[in-house]
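Keep the structure open as you read.

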Amino acid sequence: MKSVSVITVNFNQAAVTEALMDSIFNTNTYSPLELIVVDNGSKTDPVPAWQMKYPGVKFIRSETNLGFAGGNNLGLAEASGDYLFFVNNDTEFTTNLIGRLAKTLDMHPMVGMVSPKIRYYDRPDVLQYAGYTKMNYFTGRNKCIGQNEKDDGQYDQLTGKTGYVHGAAMMLRGEAVSSTGGMPEMYFLYFEEYDWCEQIRRAGYEIWVDMQALIYHKESISVGSNSQLKEYFMNRNRILFIRRNCDFFTVSVFWLYFVFIVTPRNIISYRKNGRRGFTGTLLKAIKWNMMHNTNSTNLGYPVKNIT
């Protein structure tokens, strides 16, 4: 059997990460398996206590917050698995999750990345993800299939090619990662997995969802669902993603759409809903893309504000 490395990143959520580790140990029957946990610059270092409680786990401590991609790449550098399963620390496993995804990669050598079906942890019969539609590069938009719908099996036939994996849970073939390199770090938060999918697809692999594999997601524990941090990186990185993956004509049309349609619409929404400071956050995201090239790792946002 192919070996699997499970990689997750913790940031100031020690109890949440422990719940994940417990769920892996309580549900997994797959072997050989290694579990790698990266602490991404948490204020209080949880690693010494974890090493006592979970002696079979490989722990890595970063003294600074490297972002979602940087933290995962730190774990990737220490991983030995043939398959690499990147999971958010706010997820919980189900029986045979790892085995099912590994079997998909075993049976379909053209698949480079695969995500399971995702349901919300606090609404366990409701879907978060059943695949993604293709990207409309002119608007920088696509759709998450099944999101917020009760799961009655209506999308189970979608196992196969999909637009993108979901960053909360994605298993990659080691050879695919070798051909493209690690997760792109210029994003810091959001859109890393979209960009990675584009790279791996260009390398000749397919992107899949496996609807027979299931994971639960606690969604937005670290960042918050309505924060200026999220607003900044969602807008900054949407623009950056299009700039990095599209031709000049497409990028030009996207810029016109974003500046003259998205920006006024969002500003009106911010004011209507009393979201103070969000207009400045949006304009900062636009300015960053006007001032930096597509490989820049300058965040344009003070890391000390990321808590």
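For helix packing, axes are lines fitted to C-alpha atoms over the stretch in contact, and angles run from 0 to 180 degrees between N-to-C directions. The model is a predicted one.

Start with helix α7, residues 228–245, and helix α8, residues 248–272. Their axes come within 11 Å and cross at roughly 165 degrees. Angles over 145 degrees count as roughly antiparallel, so α7 is roughly antiparallel to α8. The crossing of α7 past α8 is right-handed. On the α7 side, the contact is made by E231, N235, R238, I239, I242 and R243. On the α8 side, their counterparts are V251, F254, W255, F258, N266 and Y270. Sorted by class, this contact holds seven nonpolar, two polar and three charged residues.

Next comes helix α9, residues 278–291. The axes of α8 and α9 come within 9 Å, and the crossing angle is roughly 165 degrees. The two helices are therefore roughly antiparallel. Their crossing is right-handed. From α8, the residues W255, F258, T263, N266, I267 and Y270 take part. From α9, they meet F278, T279, L282, L283, I286, N289 and M290. Nine of the residues in this contact are nonpolar, four are polar and none is charged.

What angle do α7 and α9 make with each other? They pack at about 25 degrees, with their axes 9 Å apart. That makes α7 roughly parallel to α9, because angles under 35 degrees fall in that class. This crossing, too, is right-handed. α7 brings Q228, E231, Y232, N235, R236, I239, L240 and R243 to the contact. α9 answers with F278, T281, L282, K284, A285, I286, W288 and N289. Here the residues divide into eight nonpolar, four polar and four charged.

Now turn to the strands. Strand β10 spans residues 206–217. Is β10 mostly covered or mostly open? It is mostly covered, with 10 of its 12 residues buried. Strand β6, residues 111–120, runs parallel to β10, and nine bridges join the two. Within that pairing, R119 stands opposite Y216 of β10. Strand β5, residues 91–93, pairs with β10 in the antiparallel sense over three bridges. There, F93 has I215 of β10 as its bridge partner. Strand β8, residues 160–161, is also antiparallel to β10, with two bridges. K161 finds its bridge partner in W208 of β10. In a regular strand, side chains alternate between the two faces of the sheet.

Which residues surround F86? F86 sits in strand β4, residues 83–87. At 1% relative accessibility it counts as buried, because the cut-off for that class is under 20%. Beyond its neighbours within four places in sequence, F86 is in contact with I7, N72, L76, G167, A168, A169, M170, L172, M183 and W196. For a sense of scale, F86 and Q157 lie 71 residues apart in sequence and 24 Å apart in space, C-alpha to C-alpha.

Some backbone details remain. The peptide bond from S31 to P32 is cis, with omega near 5 degrees. P32 lies in the loop between α1, residues 14–27, and β2, residues 33–40.

The loop between α5, residues 174–180, and α6, residues 192–202, holds Y190. F191 lies in the loop between α5 and α6 as well. Phi of Y190 is near 75 degrees, a positive value in a residue other than glycine. Phi of F191 is near 80 degrees, again positive in a residue other than glycine. F191, at 7%, counts as buried.

Methods: Residues numbered from 1 in each chain as written. Predicted model: local features only at pLDDT ≥ 70, side-chain atom pairs only at ≥ 80, totals over all residues. Heavy atoms only, no water. Buried < 20%, exposed > 50% of the residue type's maximum accessible area, 1.4 Å probe, protein only. Helix = DSSP H or I, 4+ residues; strand = E, 2+ residues; numbered from the N terminus. Pairing = 2+ DSSP bridges. Parallel < 35°, antiparallel > 145°, perpendicular 65-115°, else oblique. Left-handed = near helix turned anticlockwise from the far one by under 90°. Contact = heavy atoms within 4.5 Å. Nonpolar A, V, L, I, M, F, W, Y, C, P; charged D, E, K, R; others polar.
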